[in-house]
Amino acid sequence: MPTLTKLYTMEEASQHNTNEDCWIVIDGKVYDVSSYLDEHPGGDDVLLGATGKDATDDFEDAGHSKSARELMDKFCIGELDVETTPIPELEIISKKQEVKGLPQKILYISKQYWFAPVTVVGLSVVVGYLYLRKK
């Protein structure tokens, strides 16, 4: 008979973010690491900083040992409910936005290449100075 696994939403897991009650999500599993905070080799700040988000990348980047991975099983309390967990849509913004009209193009270029208007102003000042000096 299969064991029933408790499902949690990311919102539920993120509400457990204190020294007394700390849950983290790694690889779709929810871990209650409240009792492990003081023992964690990286300190409790590392685990508290991993609450409220999927900490899989952080966990993998730290290069945990096999024994650390085995120890995780002791703290597993359930799985992340992917059916109700909203996946945020990324908004892709192109740096090369379409610019219409000459004034907008000039403004766009001047923001992208600020040195161009600064150079024009600098040259104008120098030419004006030299012109007035000859008079």
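1. The sheet comes first. Four strands make an open sheet with mixed pairing, in the order S1-S4-S3-S2. At its edges are strand S1 (7-8) and strand S2 (23-26), each of which pairs on one side only. Two strands are said to pair if DSSP finds at least two bridges between them. Strands (E, at least two residues) and helices (H or I, at least four) are DSSP runs, numbered from the N terminus.

2. A word on what you are looking at. This is a predicted model, in which local features need pLDDT of at least 70 and side-chain atom pairs count only at pLDDT 80 or more, while totals for chains, interfaces and linings use all residues. Residues are numbered from 1 along each chain as its sequence is written, and side-chain values use heavy atoms, with hydrogens and water left out.

3. Now the overall layout. The protein has 6 helices and 4 strands, and from the N terminus on its elements run β-α-β-β-α-α-α-β-α-α. Of its 135 residues, 21% are buried; here buried means under 20% relative accessible area, exposed means over 50%, and partly exposed is in between (1.4 Å probe, protein chains only). If you look at contacts (heavy atoms within 4.5 Å) between residues at least 6 apart in sequence, 63% join residues at least 24 apart.

4. S2 and S3 form it with 2 residues between them, and S2 pairs with strand S3 (residues 29-32) in the antiparallel sense over 4 bridges. Valine 25 has valine 30 in S3 as its bridge partner, and isoleucine 26 has lysine 29 in S3. In the loop between S2 and S3 sits aspartate 27, whose phi is positive, about 50°, although aspartate 27 is not a glycine.

5. On to the next strand pair. S3 and strand S4 (residues 76-80) also pair in the antiparallel sense, over 3 bridges. Lysine 29 turns up again here, standing opposite glutamate 79 in S4. As background, side chains in a regular strand alternate between the two faces of the sheet.

6. What lies inside? The largest nonpolar core has 13 residues, and Ile24, Ile26, Tyr31, Val33 and Leu47 touch the most other members. Another core lies apart from it, with 7 residues, among them Tyr8, Ala13, Trp23 and Val30. A nonpolar core is a set of buried Ala, Val, Leu, Ile, Met, Phe, Trp, Tyr and Cys residues joined through side-chain atoms within 4.5 Å. Taking valine 33 as an example, and not counting residues up to four places away in sequence, valine 33 touches Cys22, Ile24, Leu47 and Phe75.

7. Is histidine 16 buried or exposed? Histidine 16 counts as buried because its relative accessibility is 18%. You will find histidine 16 in the loop between helix H1 (10-14) and S2. Leaving aside neighbours within four places in sequence, histidine 16 is in contact with Asp21, Cys22, Trp23 and Thr51. Histidine 16 and threonine 51 are 35 residues apart in sequence, yet 7.5 Å apart in space, C-alpha to C-alpha.

8. Next, the charged pairs. The structure holds 2 salt bridges, a salt bridge being a side-chain nitrogen of Lys or Arg within 4 Å of a carboxyl oxygen of Asp or Glu. One joins lysine 53 to aspartate 58, with the closest N and O atoms 2.8 Å apart. Lysine 53 is partly exposed at 35% relative accessible area, and aspartate 58 is also partly exposed, at 41%. Glutamate 60 and arginine 69 meet through their side chains in a salt bridge of 3.1 Å, N to O. Glutamate 60 is partly exposed at 37%, as is arginine 69 at 33%.

9. Finally, the surface. The protein exposes about 10,900 Å², and carbon and sulfur atoms supply 58% of it; accessible areas come from the Shrake-Rupley method with a 1.4 Å probe, and for residues only the protein chains shown count as cover. Tyr113, Trp114, Phe115 and Val118 form a nonpolar surface patch with about 490 Å² of accessible area together. Patches are made of residues with over 30% relative accessible area and no salt bridge, with like charges joined within 9 Å and nonpolar side chains (Val, Leu, Ile, Met, Phe, Trp, Tyr) within 5 Å. Tyrosine 113 lies in the loop between helix H5 (102-112) and helix H6 (115-134), and counts as partly exposed because its relative accessibility is 46%.
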